[in-house]
Amino acid sequence: LYNIRVLGLGRKSMENVGRTNNITLIRTKILKGAAMTAFALLIGHANLLNGCFPAAVALITYMVSKSRVNIYFVIPVLVGIVPYMSKGYDIWGDVAAVCICACLFAMTGKISMQLWQTAVTASCAEIVCVSIYRLATATVYKMSLENLFLSSLLVFSFVFVFDVFFGTIG
């Protein structure tokens, strides 16, 4: 208060500073949300191993395990995956893995899990969802065991990549 009186800053000018900071904070949060939505859409559109989407599963796993509010990023991820259905890809195993990981980590948000446990859980969900889908639709011949395990290994490693990525950008 001493500096305010000495510098001649009145009460009104100090109130405007608080409002300016609030407006800047709101704009920053809106921009961050828009950038995250665009990033989730691009990651959902990343097709690896001829029809697998391990980066999408890992992104949703990481985001939802950090905060339940991030479950809304499932929508742009799924919007990124769905166009591959018209190209003849079998997307439903990965769509199920994304949805199951989102629900699982949203429900278990209070349980403290280390990052490697989260990554193993997401990898297992990927294997189980894709395997059940392939068995249910009699398309087991379209995916080899090597691709299935490589896909789960990619999910595992992408969780750590996203941890490093989001750790550096804040």
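Modeller: What follows starts at the cavity and then moves to the helices and loops. This is a predicted model, where local features need pLDDT of at least 70, side-chain atom pairs count only at pLDDT 80 or more, and totals for chains, interfaces and linings use all residues. Residues are numbered from 1 along each chain as its sequence is written, and side-chain values use heavy atoms, with hydrogens and water left out.

First, the cavity. A cavity here is a set of points on a 1 Å grid over the protein atoms alone, where a 1.4 Å probe fits but cannot get out. Points are joined across faces, edges and corners, and the volume is the space filled by probe spheres set on them. The count is 1 cavity of 30 Å³ or more. The largest cavity holds about 50 Å³. Its lining residues, those with an atom within 4 Å of a point, are Gly-51, Cys-52, Asp-90, Gly-93, Asp-94, Val-130, Tyr-133, Arg-134 and Met-143. By class, 4 are nonpolar, 2 polar and 3 charged. Ala, Val, Leu, Ile, Met, Phe, Trp, Tyr, Cys and Pro count as nonpolar, Asp, Glu, Lys and Arg as charged, and the others, Gly among them, as polar.

Two helices each supply at least two lining residues: α5 (92-107) and α6 (115-136). The most comes from α6, with 3 residues. Helices are DSSP runs (H or I, at least four residues), numbered from the N terminus.

Next, the partner of α5. The axes of α4 (residues 74-81) and α5 come within 11 Å and cross at roughly 175 degrees. That makes the two roughly antiparallel, a term for angles over 145 degrees. Axes are lines fitted to C-alpha atoms over the stretch in contact, and angles run from 0 to 180 degrees between N-to-C directions. From α4, Val-74, Val-77, Leu-78 and Ile-81 meet Val-95, Val-98, Cys-99 and Ala-102 of α5. Contact means heavy atoms within 4.5 Å. The residues of this contact are 8 nonpolar, no polar and no charged.

Thr-61 sits in α3 (residues 54-66). Thr-61 is buried, at 0% relative accessible area. Leaving out residues up to four places away in sequence, Thr-61 touches Cys-101, Phe-105, Thr-118, Ala-122 and Val-159.

Finally, two loops. Asn-50, between α2 (11-44) and α3, has a positive phi of about 60 degrees, though not a glycine. Asn-50 is exposed, at 66%. Buried means under 20% relative accessible area and exposed over 50% (1.4 Å probe, protein chains only). Ala-138 lies between α6 and α7 (145-169). Ala-138 is not a glycine, yet has a positive phi of about 55 degrees. At 56%, Ala-138 is exposed.

How values were computed. 1 Å grid on protein atoms, 1.4 Å probe; cavity = no way out; pocket = protein on both sides within 12 Å on 5 of 7 lines; lining within 4 Å. Parallel < 35°, antiparallel > 145°, perpendicular 65-115°, else oblique.
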